[in-house]
Amino acid sequence: MTRRAFALLTAILLILPLSSCASSQTEDATAKKADVNLIYYTIGNPDRDLAKVNEALNEMLYEKLGITISYNKIAWNDYHTRLTALIHSGAYFDIAFASNSTQGDYIGNAAKGVWLALDPYFDSIGKEMYDAIDPIYWDGIRYKGKIYGIPTNKETCVPEMFMFAKELVEKHGIDISKLKTIESLEPVLSLIAAQDADYIPFDFDSNARNLFAQEAYESLIDRLPLMIDSYDKTCTIFNVLETTVGQSRIALMRRYYQSGYINEDAAIKESGGLTAGEKVFCKMSSGGPYSDMLWSNDRGYEVVTQQISPKIVTTESTRGGIMAVSAKTLYPDACVSFLNALNTDPDIRNLINFGIENVHYTLTDSGQVRRISDAYSGVQYTQGNWFILKTTEGEPLNKWAEFRRFNRSATKSAALGFTPDTAPFSQELENCTKVCDRYYAALMTGSVDDTVYLPRYLSELKAAGLDKIQTLLQQQINEWLSQKEAA
């Protein structure tokens, strides 16, 4: 078998399990009703009632738009691999979720021509959703002047936060308003480790988080240590792991790990949503208004939160959840019509988020959602406009007004809208990514000796071409700033 044929066969085998997922149960029943049936892939653990929701959604879509969809969810840690296999094999689909380089790779796939440019539709069938979505998103998701997906209209920035188990905060009388840095946690982590052995003091997974968000440092390329200060109008790039801040923070994480504050499996623990019932005192995550309520529901017990980084709108935050249309779709108008409805029609948006009324939820007297089943749950940040969603029981009735106030109070990053062109250093980036795969999670979670592995990591990154990447990135961002100033 040729190498090319083997690669194709491998890709097909990766895709085959998808054909047996919930969408196949609805496709035969619904495709007969509509001439157009869109194939849609998104991220999230498949639900028991996914097929049932797909069927109800198709009844609504057929009535309103004359189309149906095959709704496929792929598990968190499988999504990128499966979507990549779909793309490489040439398998047909119409719409897919895309975000960072490990969740659908919005920019990387736009550069490869995978996504359809949607700009021509914003004066016609897509105008309603274009007007409904905060303009700052359109600034952030453009690639070489064009828009290749529809961003989720939500909070425009997602500052890093600590989430704490409320029970332990109250038990020990902890004032979380004083816990605004990773360093400030040390005394309370020591307390929890000594007195609450059934709790993980400080939980991490292989995603590791941005340990330097509290300094308002942002990455330009996922996982590489090349960062800028979001407030720095010159956008000067530096290697954070060569700074005093970077090295001291890595050493602190090592001390926390050795002290038993960080879970032993942190470097290999699968990233994704919160695990219900898992006892964790403190975890870092990014969020916005009322994240404590959302996370409490996910956890199965109450959490309280403390914001630890500034509210800054970055290019990354605007690209957190995007629905992209395949450049190979046979039905571009239908795709845009579906996306337009998902961002402007409350009936469709609420169904795909909450499921079926009186099956998965009921409404309170005030019109809020009361969940009655865990057999279906949409992944909210991946699937359209939040501001037309119902609120859930226990949330303030003015929740979305608060989100709008939150958005207005955010500051734009100096690099908002900048997208690196990785083509000039593609080989170096590939080399550096392989180095990151070996060291990044282990170092960022304190799982290995920083005095041994940090110098080794930096040395191998330099040998892989990190300095060249930094030089070319700086040239690109300088040129981008000049063009922006001249415009």
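I begin with Lys462, which counts as partly exposed at 37% relative accessibility. Please bear in mind that this is a predicted model. The side chain of Lys462 meets that of Glu242 in a salt bridge, at 3.1 Å from N to O. This pair connects distant parts of the chain: Lys462 belongs to helix α17 (residues 450-464), while Glu242 lies in the loop between β9 (238-239) and α10 (244-258), 220 residues apart. Glu242 is likewise partly exposed, its relative accessibility being 42%.

Some salt bridges share partners, and those joining Asp203, Asp205, Lys269, Glu278, Lys283 and Arg299 form one network.

Let me turn to a second pair. Asp437 and Arg223 form a salt bridge through their side chains, with an N to O distance of 2.2 Å. Here, too, distant parts of the chain are linked, with Asp437 in helix α16 (residues 426-444) and Arg223 in the loop between β7 (217-219) and β8 (226-229), 214 residues apart. Is Asp437 buried or exposed? With a relative accessibility of 52%, Asp437 counts as exposed, because the cut-off for that class is over 50%. Arg223, at a relative accessible area of 24%, is partly exposed.

Asp119 sits in the loop between α5 (106-111) and α6 (127-132), and Arg142 in the loop between α7 (135-141) and β4 (150-151); 23 residues separate them. Asp119 is partly exposed at 24% relative accessible area, as is Arg142 at 28%.

Finally, how many salt bridges does the structure hold? The count is 30.

Methods
Residues numbered from 1 in each chain as written. Predicted model: local features only at pLDDT ≥ 70, side-chain atom pairs only at ≥ 80, totals over all residues. Heavy atoms only, no water. Salt bridge = Lys/Arg side-chain N within 4 Å of Asp/Glu carboxyl O. Helix = DSSP H or I, 4+ residues; strand = E, 2+ residues; numbered from the N terminus. Buried < 20%, exposed > 50% of the residue type's maximum accessible area, 1.4 Å probe, protein only.
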